[in-house]
Amino acid sequence: MKSIRGNLVSTLSITITGVVVAILLATDLAVDSWIDSQFDKAMHTKVGMLMTLVSEDEDHLELHFSGEFLPEFTGNIEPEYYQIWLNDRVFARSDSLDLFSQHELPYLSLSLGESKVVNKTLPDGRAGRIIYTRFIPQIHTLKGEKKSFDDELVIAYAASSEGLDFILWLIDIVFIVTIVCVVVFIRVFVRKTVDVGLAPLNSMNAQIAKLNFSKDSDTIILEKPVSELLPVEQSLNRFIVENRQLYLREKRLTSDISHELKTPITELINLAEVISRFPEDNELMDDFVPEVLRISQRMKNIVTNVMLLHKYEQIKLPKEDVVDVLQVVNRSIGEIALDNVEIQTTCSECPIQTNLMAVESIIGNLLKNAKRHRVVGSEALIVVEKGATNGINVRVSNQASGELENMNLAQLFEPLWQSDQSRSANDCFGLGLPIARAFAEAIDAELTVALEGSTITFTLTL
């Protein structure tokens, strides 16, 4: 399984390490090249100085060398060596060459003005470098005139490179150790940085793991708000609130269904016990059989309506029927035998494309609700009119028989909620309005309720 933390640590570590190693490698190469060039430059300077020691005395060449000022060529310090050839024959060489069995430096043929540095083992056995140069010395006459000497000289200057090699190896070792330390440091640093960066996310995850919908106070709270997580926090808290409401609703619904079924089940048990004690009493049987049927029918209606509510919640129904809403209202009034009703309409025909079954169920439940819960003898008002954008509005108003408050209006659409908490009505389960709301949402309609004084009005907007 992929891990955000693992991916971040690996990606950042590899990227940063690659950049740092590239920089260190470039630095190492640059330093090595610079030190090497400085060593060669020093050798060129030294051989140039030796070339200036060649001078004329009358008609012959002389090398004005003093070991007192250049002790490195006498062997008193770490020995260095020089040798000069005139016409390919040895003209002069340093005293340091006499200290070893190899008394001469190897000769190298060069063209005039050419210089060349080669790696060689020195007479003392040390690793070193030799620089060769072929030149024509400038000769000073006794009268101060200058003339060029016709013969060519080759000079070789040799010095140990072990110190240089040691420095270069030391730099390489430091470079390698630095790379290892940098890799370890970057790994630890990146891991620590990623852990700090993911701490709010881990904290949120820990809070989510401990969530309990039964506790109203349980929400996600970021101790240190992070801009990227604020939308997530808000969405999660909204999700928590909605699911807590669903949880409480299901919990209440389960309790209410148990309460609704408990009474008829108890009645059936009581009736069965009485009948079992007096099985020969026909008169008792004639009274109890219709009661058993009534109770069974009530239980069936409760179960049927609960199943209907759950079936059509959170689904969409096809809107393929052309429905005359005014005809549906008139037909529903006749089916439920609603009397003392006034119909007001702004259209002789009110057609709309929707789902016939859903509209019939919604309007039928609204009219049943008005019939059951209006003040006895009061008039129900039904208004059917055209709304905006070719829509249809249906309003059902009646004078409520019970005491309702605006705070109770939202509960009217809660399953099995009744203003009469005693639930004494035989055919009222508190499921009609929730079913109507479910069907309204299934066909993208809107069902609202408003209370003005004691008059309650349900509005269906198709």
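Q: Which residue in β6 is the bridge partner of K116?
A: This is a predicted model, where local features need pLDDT of at least 70, side-chain atom pairs count only at pLDDT 80 or more, and totals for chains, interfaces and linings use all residues. Residues are numbered from 1 along each chain as its sequence is written, and side-chain values use heavy atoms, leaving out hydrogens and water. Strands here are DSSP runs of E with at least two residues, helices are H or I runs of at least four, and both are numbered from the N terminus; two strands pair if DSSP finds at least two bridges between them. Strand β5 (residues 115-121) runs antiparallel to β6, with 7 bridges, and the partner of K116 in β6 is Y132.

Q: How many of the 9 residues of strand β6 are buried?
A: Buried means under 20% relative accessible area, exposed over 50%, and partly exposed in between (1.4 Å probe, protein chains only). Strand β6 (residues 127-135) is largely enclosed by the rest of the structure, because the buried count among its 9 residues is 8.

Q: What is the hand of the disulfide of C347 and C350?
A: A disulfide is a pair of cysteine sulfur atoms within 2.5 Å, and those of C347 and C350 are 1.9 Å apart. Both C347 and C350 are buried. The torsion about their S-S bond is about 80°, so the disulfide is right-handed.
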